[in-house]
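Student: I would like a close look at one part of this model, followed by what surrounds it. Please state cut-offs as you go.

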Amino acid sequence: MRQKTISPFSITRRALLAGIAVLPALSFASAPLRAQEVATADANTTGLAVTDDTVKVGILHSITGTMAISETGSVEAEKLAIDQINAAGGVLGRKIEYIQEDGASDWPTFAEKAKKLLVEDKTAAVFGCWTSASRKAVLPVFEQYNGMLYYPTFYEGLEESPNVIYTGQEATQQIIAGIDWVVREKGAKSFYLLGSDYIWPRTANKIARKHIEKLGLKVSGEEYYPLGHTQFNSVINKIKLKKPDVIYAIVVGGSNVAFYKQLKAAGIDMAKEKPLLLTISVTEDEVLGIGGENIAGAYASMKYFESLPNDNNKAFVAAFKEKWGADSVIGDVTQAAYLGPWLWKAAVEKAGSFDIDKVRAASPGIELTTAPEGYVRIHENHHLWSRTRIGHARDDGQFDVVFETKDLIEPNPFPEGYQ
Amino acid sequence: MIGDYTYTEFTSILAMQGFAGLTLFSVFVLMALGLAIIFGQMGVINMAHGEFMILGAYVTYLCSQFFSEYLPSLFSIYFFFAMILAFAASFLLGMLVEWGLIRFLYRRPLDTLLATWGLSLILQQAYRSIFGAREVGVTLPDWLMGSIALTDIIEIPINGLFVMGLTILITLGVYFAMFRSTWGKSMRAVVQNRTMAGAVGINTKMVDRMTFGLGCGIAGIAGSAFTMIGSTGPTAGQLYIVDTFLIVVFGGASSLIGTIASAFSISQAQSTIEFFLSGSMAKVLTLLTVVGILMLRPQGLFTLKIRR
C-alpha cells in the first residue's frame, strides 16, 4: 500500500486550469489559520518534504514475509496515531501524509527502502522496523542521511543512536523488575532460562542470569533453540527433571505456539505455578496464535497490556478497535508504535521546526501524559522512562495486570555489570 | 541414585524421553512421506510441500470455526472430519498444480525446483491475503490436549499418541496403495519404464497426476495433525521444509523404507542430543553427521536397485 501521489501529467488540462483558478481562493481562505504558525521556510531549512499544509513521514514495516505476523499491529497503531493527530490539526498546522514501504521481512530491503524514504521522499520522520536485525540494517542509512527513526520494539539494548528514538523498553527495564517481582511475591529460588537462538533472547538471558546470581539464587538451566524450532519435548522433560521454580521463556515466532501447546500437552499446568512461567516475549498478539487456553496462568513482564484500566488506555483501545475491527488485539509493541508519531509531534512543536537536528535537540525531556501506558518521558539516551508491569494470562487471551512498578524505570541501554 | 536424581526419577525420564523421540519420529515420517512419494516416484522436488501442509492446517482451522459455531455438539470429534477435508483439499490442489504447472516440466528437474518455489511464495501470499498475516489459533477438543499420567512423573501427551497412531495408519495406507493395489502397480511400472508402461496401456499422465495429488494430500493430513503441536500462519510451512528435505535426501530419494529409517535415526539422534546438550547444538551435530554420511554415501541410506 503505497501512498498515491498524483502526477501532474495525469490530470486533464481542464482540471488543471480549474485547479489554478481555485488556488488563490484556497490560500486566501486558509491564510488566517496559518498566520500564527511557523512559516515553512523557517520550519524546514534542510529541504524535507514539508509544504504549507502537509508534511511527509514514512512507515517502514514488513507487510509481507515471516515478520508480517508481528509488524501488522505496529503499522495499524502508527496509522491510527497519524489519523488522530491530523484530526486534531496536524503538526505545526500541517497535515501528516505517510508513505508506506514494505520491508518484506528482508533486512537489505529495509535498508534500501529506508534510503528511498530519506533521499527520494525527504520524509521528516520514519516510524518503523521491528526486529533488531532490521534496525541494525537501516541504522547506517539513517545516520548517513540524517533521518529520524522511531523504533517500537522491546529489544536487547546496547545501542544508542542520535538518529533513533526507542519507544519500546530496553532489556534491563523489562527484565529486572520482572525477576524482582517473582522472587519477592512468589518466593522463586531457581530459574530455567530458555530462548530462541538469536541476539535478543541471548542478551536478555545474560542480563537475567547476572541478576539472578546477584540475588544469590540459582539458574538451573539455560538453553536456546533455533528460530522456527517446533519440537520441545526434550527440553520439557529436562525441566521436569530439574524442577525449577520458574521457567523464564523468551521463545519467539512460530516456535512460541509449539512450545506452549507442548508444555500443556506434557501435563505442565501453568495455573498451579509449579513451575511458574514468566515470559518477556508473549504479548496479546502472540496469544492469538498460541490460543488463550494454552497459556492461561502464565505471567508476562512488559510495560503495556491491553487491559490497563487507565482512561488514556480505554480511549486508545476503543479508537483502535473502531478503526481496525473489534477482533483486533493490542500488544506491548503496538502501543509503543502508537507513541512514535505523538512523540515526534511533541518534539517538532517544542522545536518549532521539522529540521532533524532541532527535533533531536528537543527530544530529551519530551513527555507524553496521554500515552496509553500512562506517563512516558524521553531520556537523554533516546529511550523512554517507563513502568514495568506483570500480567497474568487469562483464558480469553487478555492479561490481568497484577503488579506495576511504583516509579518510572530509567532506561539503561548499556547496563554496567550486566554484560 | 544416579547423579542428583533417584532411580525412579531417572527411569521415568528415560521412558518419557524415549516417548519424545518416538513422537518426533512419527512427526518426521508424517512430514516426509508426501515429499518422498513425489520425489521418489516422479523425480519432482516439491518446494511447496510446506505450503500444502499449511493448507491442511488452515482447513482444520476453518473446520474448528465451523463446528464451534454450527455443530458444537460434534466439536469433540471435528478433528477427524478436518483431516479428511484437509486431505481432499490438498489432493485437489495438488492435481490442479500438476495439471497446470508440473506436467510441462517433467524433464527439467531444476525448473520444477524453481517453479514449485515460486508456487510456495504464491501460496504464502494467498494465505496472507485470505487469512491475514497473523497466526490463527486452532482450538482443539479438550481430550486431545491432555496427558495420561502413568506414574507421578511419567506423563504421556495424548497428542503424541494421536500423531503416532495416525502415522502408523497413513504409512500402512501408503504401503497398501503402492505395493498391493493395481494403481500402485501402474505407478511403479511408470517409474521403472515410462515408455513401456505406456505401451501396455497404462495412462501414465493420469498416474503422474494421482501420484502428485496423493503426495500433496498426505502433506495436507500432516499439516492438519500438526495444528496440535505447532503454529498455523502463512509462512509456518517453512518451519518444516528443511527437516523434511533432510529426511528424504538422507533416506535415499526413491525408497519409502529409507525415508522411515532416516526419520528414525535423525529423530533419535536429535532428541537424545537435545536432552544432554542444547537445542541449537543438537541441530548442528545432527546436520554435521548427516552431511558426513552423505559424503560417504551420496545416494542416501537406501536405494532402489533398478536397471536404467
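Tutor: Two strands count as paired if DSSP finds at least two bridges between them. Helices (H or I, at least four residues) and strands (E, at least two) are DSSP runs, numbered from the N terminus. The model is predicted: local features need pLDDT of at least 70, and side-chain atom pairs count only at pLDDT 80 or more, while totals for chains, interfaces and linings use all residues. Residues are numbered from 1 along each chain as its sequence is written, and chains are lettered from A and ligands numbered from 1 in the order in which they are written.

The part to examine is an open sheet of chain A, made of three strands in the order E11-E12-E13 with antiparallel pairing. Strand E11 (367-368) and strand E13 (384-385) of chain A each have a single partner strand, so they form the edges and one side of each has no neighbour in the sheet. E11(A) runs antiparallel to strand E12 (residues 376-378) of chain A, and two bridges join them. Across this pair, A:Glu367 faces A:Arg377 of E12(A). Strands of a sheet pair through backbone hydrogen bonds, either parallel or antiparallel.

E6(A) is largely enclosed by the rest of the structure, because six of its seven residues are buried (buried means 20 or more other C-beta atoms within 10 Å of the residue's own, exposed 12 or fewer, partly exposed in between, with C-beta atoms placed from the backbone).

Another strand of chain A, E3 (residues 126-128), contains A:Val126. A:Val126 counts as buried because it has 30 C-beta neighbours inside 10 Å. Beyond four places in sequence, the residues in contact with A:Val126 include A:Val57, A:Leu60, A:Ala114, A:Leu117 and A:Met148; contact means that C-beta atoms, placed from the backbone, lie within 7 Å. A:Lys56 is 70 residues from A:Val126 along the chain, with 9.3 Å between their C-alpha atoms.

On the scale of the chain, domain 1 of chain A covers 8-24 + 46-168 + 322-385, and domain 2 covers 171-302 + 387-404; these bounds come from an automatic or database domain assignment. The C-alpha centres of the two domains of chain A are 32 Å apart. Where they meet, 15 residues of domain 1 of chain A are in contact with 14 residues of domain 2 of chain A. Helix H3 (68-87) and helix H13 (332-351) of chain A each supply at least two residues to the domain 1 side, and H13(A) gives the most, with three. That side has six nonpolar, seven polar and two charged residues, where Ala, Val, Leu, Ile, Met, Phe, Trp, Tyr, Cys and Pro are nonpolar, Asp, Glu, Lys and Arg charged, and the others, Gly among them, polar.

Finally, there is the contact between the chains, with 34 residues from chain A and 39 residues from chain B. On the chain A side, H3, E7, helix H8 (233-242), helix H9 (254-265) and helix H10 (284-290) each give two or more residues. By class, that side of chain A has 13 nonpolar, 15 polar and six charged residues.

Key: Two residues are in contact if their C-beta atoms, placed from the backbone, lie within 7 Å.
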